[in-house]
Amino acid sequence: MDTLTHGLTGWLIAKSVPTEKWGGEAKAAAVLGSVLPDFDQIVSLFGNEFFIRFHRGISHSFVGVLISSILVAALFHRFGRWKNMAGLFLLVLTGQLSHIALDLLNAYGTQIFQPFSDARISLDLLFVVDLAFSAIIIAGLWFSRFRPRPAPARIAFAVLSIYVGFAATLHYRAEATVAEAAKRDGVRVAHVWALPRLDMVTVSPEALLTSQAFASTDTCRGYVSSGRDGITFPLPVGPLAWNGFVDDGKRWLRAEVNPVGGTFEWKDQVPHGQDVPGLTAVRQLADVKTYLWFARFPSVETIHAGADNVFIFSDLRYAGMAGRRPFMLRIVSSPGRTLRADWSGKE
């Protein structure tokens, strides 16, 4: 989830427990805990390969949050007025555990078992930004202003649980739809997945002027595309849009699925990236090892540019995003030169 939603969740946690006497410090402990794991984003200063390797790593693991919760609680205990070490620890820990829980809901992958395992765990239920999910949290905080008891916050958490249950139901239906379509179309199925997808909405030409102004904002830049029918915008509201994936043993196949409306459309089919011929020379490169570890559905495009061979690694998990192709790696192999890695995303 986005950092703002994490912070709001921590605030809602503080509202859901009876700590009126030390409300300020209780709120600070829960909110700080809820955003603390994302301090690992500082690794982006060392490049994308470091970011992919270490983001959602030890700081998002059960061992990591246990240790950091003790340290943060000790700082609050030492410099704050509230001297309840156990209470401070539980609030910071609860905030951090809420962070892990929310991150597990999307498809990026979280290394919750570090340092014992670097497996990336994901439940694939919600897109990384879900405005409906965030709105439920904001509503709980809003109603807590008028009724300063834990009830509104606790009700908000109950609604969030129902919302996640609804997403899990749609996830199951999306997977079933993909499996049925594969069977109908004679596609061999080794495995099936359904991942939440960023839904898109096309604004009609009549609203084009307003759309162009909105499209220029930082929030939408890179996700917006123009066409004859208008401008297409992201609509991260609700678990209604899904990508379905099939592994037939040799290829990844991707489809776009709407388990509510019942629509289904095959979109892509690419060979397994790790099995593409000609990768022997580049597979031992640290950047490539990191990419193949990170990508769930790796694909590789090979381009011959004069004497150079260019290998473009991408993850089908991020296909279908208008105007964007995130987490892309280019490896350039030139005769007599060291292999060059480029994480800029430019083709």
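Trainee: Why is the meeting of the side chains of Asp103 and Arg56 called a salt bridge?
Mentor: Their N to O distance is 3.5 Å, and the term requires a side-chain nitrogen of Lys or Arg within 4 Å of a carboxyl oxygen of Asp or Glu. The pair therefore qualifies. Helices (H or I, at least four residues) and strands (E, at least two) are DSSP runs, numbered from the N terminus. Both Asp103 and Arg56 are buried.

Trainee: On what basis do such values rest?
Mentor: This is a predicted model, in which local features need pLDDT of at least 70 and side-chain atom pairs count only at pLDDT 80 or more, while totals for chains, interfaces and linings use all residues. Residues are numbered from 1 along each chain as its sequence is written, and side-chain values use heavy atoms, with hydrogens and water left out.

Trainee: Which residues are linked with Arg254 in a network of salt bridges?
Mentor: The network links Arg254 with Arg197, Glu256 and Asp268. Between Arg254 and Glu256 the closest N and O atoms are 3.4 Å apart. Arg254 has a relative accessibility of 3% and therefore counts as buried. In the whole structure, the search finds 12 salt bridges.

Trainee: Why is strand β1 described as largely enclosed by the rest of the structure?
Mentor: Of the 6 residues in β1 (residues 191-196), 5 are buried, and therefore the description applies.

Trainee: What makes β1 and β7 edge strands?
Mentor: The open sheet has 4 strands in the order β1-β5-β6-β7, paired antiparallel. Each of β1 and β7 (263-271) pairs on one side only. From one strand to the next, the twist averages 20°. Helix α7 (residues 151-184) packs on this sheet, touching β1, β5, β6 (251-258) and β7, and its direction makes about 45° with that of β5. Axes are lines fitted to C-alpha atoms, for helices over the stretch in contact, and angles run from 0 to 180 degrees between N-to-C directions.

Trainee: Is Val237 buried, partly exposed or exposed, and why?
Mentor: Val237 has a relative accessible area of 37%, so it is partly exposed. Val237 lies in the loop between β4 (230-234) and β5. Apart from neighbours within four places in sequence, Val237 is in contact (heavy atoms within 4.5 Å) with Asp130, Leu131 and Ala132.

Trainee: What share of the protein counts as buried?
Mentor: Of its 347 residues, 48% count as buried. The secondary structure comprises 9 helices and 11 strands.

Key. Buried < 20%, exposed > 50% of the residue type's maximum accessible area, 1.4 Å probe, protein only. Pairing = 2+ DSSP bridges.
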